[in-house]
Amino acid sequence: MSLLAADMFAHRYILRATLALASSYGSAAATCAPSPVPIIIGNSTLSNNQVARGLQLSIGDPPQPFVFLPQWPLNNTFVYGTNGHCAVAAPACTTRRGGAYDMLASKSRSVTDKSSYPFDSAPFPPTSFVSDTLSLGKEVSLSGFPLGIPLNDWGAEDYHPMNAVGLGDNSTLLTTLKSTGKIVSRAWSMFWGRNGALASAQLNGIFVLGGYDRAKTQGRPHSFPLADSTAKCPTRMMITISDMILNFSNGTNASLFPRAASNAIQACIVPDYPVLMTLPLDPYFSRFEDLTNQSLQDRSLGLVYFANRYSSDSNVYTGDLTINFQSGFSVRIPNDQLVVPHRQINPNTGEITTNATGPDLVIISTQDVNKDDISQLGRQFLSAAYLMANLDANEFTLWEANPTDTQQLVAVDEGNADIASVCDGNPPPPVTRPDGGGGSLSSGLIAGIAVAAVVFTAIVCAIVFVWRRRHRRSAALGVRGPSTSNQGGLADKPSSAYGYNDGVPYQRSELPGLGKQVYKSHQAPDKLPVPETGQRGESQPHELQG
């Protein structure tokens, strides 16, 4: 090959490599995801003009307001109708369930294609299906979304009484959002917020589809694999509690655990469960009673359903509770979320009333037929912890919660890695999560950087090749200036300057048996004004049987 031809080939190669580098860099920089879908968890005014707390959603045209809670292993989303099927009066039932759907009042309702939703077996109630517009906050709505309408009350008592968003392995909501490009992975996350007695102890929570709210997390993330479907945990989010410590208001601490490490507790995180946790009476809850010098025999029949309740003349515990996990994760439950006013639904009006005396301790002690049940961590746990689960990555992640109104949404990909930028043009958040823990660069960005590095190396090699060939030719001619030979007319033209860029079943742990036990009855509390904000709507969980 002549020197001229070699030079032209090298120049052409450098140009192509430069364009490839720019293209690969641009592709990597453009790697993005739609912004996650945030849903507020807070009080919503329902069709009975009463309020309840949960995920604020609306259905139909004109929009009908509801509150929902997530449910497992349910796959479909269901909403109770106006035709009753409730053990209590209609006004109270509407509050208890988080609203009643009037399908005849919706202009956007249509017939449902049976192939558009999976089948959910017992313990969920039989349902009829309609399609309607489901609005997820202010930005995202799904037209023609299949909604189940239960044909009867499903016997979940007040453990799981509310309209439900199914987040099972075949979740209709997550699948629809991902297949329509509204989220990039079947991930969801939740911070319950705070709903204590005083305004200072109340804060709306958030439920995020397709990612998480970084502003509400602090510390490093702790990630865990989801358990398989045979686990006695409907959500498949299993975790081991290694210690529980009472943080007394006088500054002293005391453990509820015996010293033997074998006494660690396996727990299942169930975000819709109405209390902080269930805890075996022997030895853990009994030790709590001994250390606090109180015997809690009463049970709440209000929103914090079946939690242990203080009597009106009790010396109420005033300290906090720290829960340590085997992984090194730890959260501290503040007293204003551990001990809350007794709230219940007025059976005649549906209004949530509050009793300042005889407050509820948000723990259910398990005993007798339930003594060997797996412990459950409920929604009050998510007042101190932030939770994200990713069905595509088959893992879940916990952070210590940062209670704040500030919002910083981050999308995650199918591998559970943070995605650096948002396709809607919003400023991209930082690429990595604090202290690692699964917060790597997105896969697209990593690939772009790798390609850029290879092309960059090729450019350098080509430049060196051209320079050496010219140097040798100049030495052979013995001159550096313009050539006197027509054949070498292009050889001594200055080389072009090419720029380049440098290149993330639920086999419900059945607290059911609790309903079969006999406990001391408690008189209905006096009505007190319901806190204007942060008030806890109908508490719902009851474990799914099956």
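Predicted model: local features only at pLDDT ≥ 70, side-chain atom pairs only at ≥ 80, totals over all residues.
Residues are numbered from 1 along each chain as its sequence is written, and side-chain values use heavy atoms, with hydrogens and water left out.

**The whole chain**

Begin with the chain in cartoon view, where there are seven helices and 28 strands; these are DSSP runs numbered from the N terminus, with helices being H or I of at least four residues and strands being E of at least two. Of its 546 residues, 54% count as buried, where buried is under 20% relative accessible area, exposed is over 50%, and partly exposed lies in between, using a 1.4 Å probe and protein chains only.

**Salt bridges**

The structure holds 12 salt bridges, each being a side-chain nitrogen of Lys or Arg within 4 Å of a carboxyl oxygen of Asp or Glu.

Select Asp153 and Arg96, which form a salt bridge whose closest N and O atoms are 3.6 Å apart. This pair links distant parts of the chain, with Asp153 in the loop between strand 6 (140-150) and strand 7 (164-166) and Arg96 in helix 2 (residues 90-97), 57 residues apart. Asp153 is partly exposed at 25% relative accessible area, whereas Arg96 is buried at 10%.

Then select Arg309 and Asp360, joined by a salt bridge at 3.8 Å, N to O. Arg309 belongs to strand 19 (residues 308-309) and Asp360 to strand 23 (residues 352-361), 51 residues apart. Arg309 counts as buried at 3% relative accessibility, and Asp360 is buried at 0%.

To see a network, select Arg96, Arg97, Asp153 and Asp158, which are joined by salt bridges that share partners.

**A charged residue without a partner**

Finish at Glu289 in helix 4 (residues 281-292). Glu289 is buried yet has no salt bridge, and the nearest side chain of opposite charge, Arg299, is 8.4 Å away; for charge, Lys and Arg count as positive and Asp and Glu as negative, with His and the chain ends not counted. Leaving out residues up to four places away in sequence, Glu289 touches Leu281, Gln294, Ser295, Leu296 and Gln297, where contact means heavy atoms within 4.5 Å.
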